[in-house]
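Please have your viewer ready.

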Amino acid sequence: MTFRTDSAEPGRTGYDLARLLVWERSLAKYDADPETELERRVHKLFTEDEHRRALDYLAASEQDTDRLAAIEAGLGGDTISDAAWLVGQLRTAWARLDELRDRIDNSGTLIDLHYMAEGIDYVRGSRVQNELRDTVR
């Protein structure tokens, strides 16, 4: 299956593309073969570049815990520097974000999927989005 050759809507931002990708994923899951249906929808709606941009937008929000651990290791026993404080703040923020993602992902059918798709720039990296990125690649 091939991607579109010309954009359906030139000038769409990464946010717009990612939002559409999440929305299409939510619609495809009701098909008998969700992965094939998602692939069909993606190839019909996106150019190859737009698809890559949407995936990049979603991937940019992933937590790089290995890199953070390496930064912490580089700090040694330092607990008072600005870098140590920032690492602690980032760990706290990621923990809170994980809890928020879990609440969203576990909300089931009570959440409006369109509203969920619009929330990408507020709650990046939802586990649903990560699953989407892994499925479409």
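This is a predicted model: local features need pLDDT of at least 70, side-chain atom pairs count only at pLDDT 80 or more; totals for chains, interfaces and linings use all residues.

The protein chain has 7 helices and 0 strands, and its elements read α-α-α-α-α-α-α from the N terminus. Among contacts between residues at least 6 apart in sequence, 73% link residues at least 24 apart. Some totals for the chain are collected here.

| Property of the protein chain | Value |
|---|---|
| Residues counted as buried | 30% of 137 residues |
| Accessible surface | about 8,800 Å² |
| Part of that surface belonging to carbon and sulfur atoms | 51% |

Now to the pair. Two packed helices are described by the angle between their axes and the distance between the axes. Helix 1 (residues 14–28) packs against helix 2 (residues 34–45) at about 145 degrees, and the axes lie 9 Å apart. Their crossing is right-handed. Helix 1 contributes Leu 20, Leu 21, Glu 24, Arg 25, Leu 27 and Ala 28 to the contact, while helix 2 brings Pro 34, Glu 37, Leu 38, Arg 41, Val 42 and Leu 45. By type, these residues are 8 nonpolar, no polar and 4 charged.

Which residues of helix 2 are buried? They are Glu 37, Leu 38, Arg 41, Val 42 and His 43. The length of helix 2 can be checked too: its 12 residues at 1.5 Å a residue should span 16 Å, and the end C-alpha atoms are 16 Å apart, so the two values agree.

Methods. Residues are numbered from 1 along each chain as its sequence is written. Side-chain values use heavy atoms; hydrogens and water are left out. Axes are lines fitted to C-alpha atoms, for helices over the stretch in contact, and angles run from 0 to 180 degrees between N-to-C directions. Helices (H or I, at least four residues) and strands (E, at least two) are DSSP runs, numbered from the N terminus. A crossing is left-handed if the near helix is turned anticlockwise from the far one by less than a right angle, and right-handed if clockwise. Contact means heavy atoms within 4.5 Å. Ala, Val, Leu, Ile, Met, Phe, Trp, Tyr, Cys and Pro count as nonpolar, Asp, Glu, Lys and Arg as charged, and the others, Gly among them, as polar. Buried means under 20% relative accessible area, exposed over 50%, partly exposed in between (1.4 Å probe, protein chains only). Accessible areas come from the Shrake-Rupley method with a 1.4 Å probe; for residues, only the protein chains shown count as cover. The expected span of a helix is 1.5 Å times one less than its number of residues.
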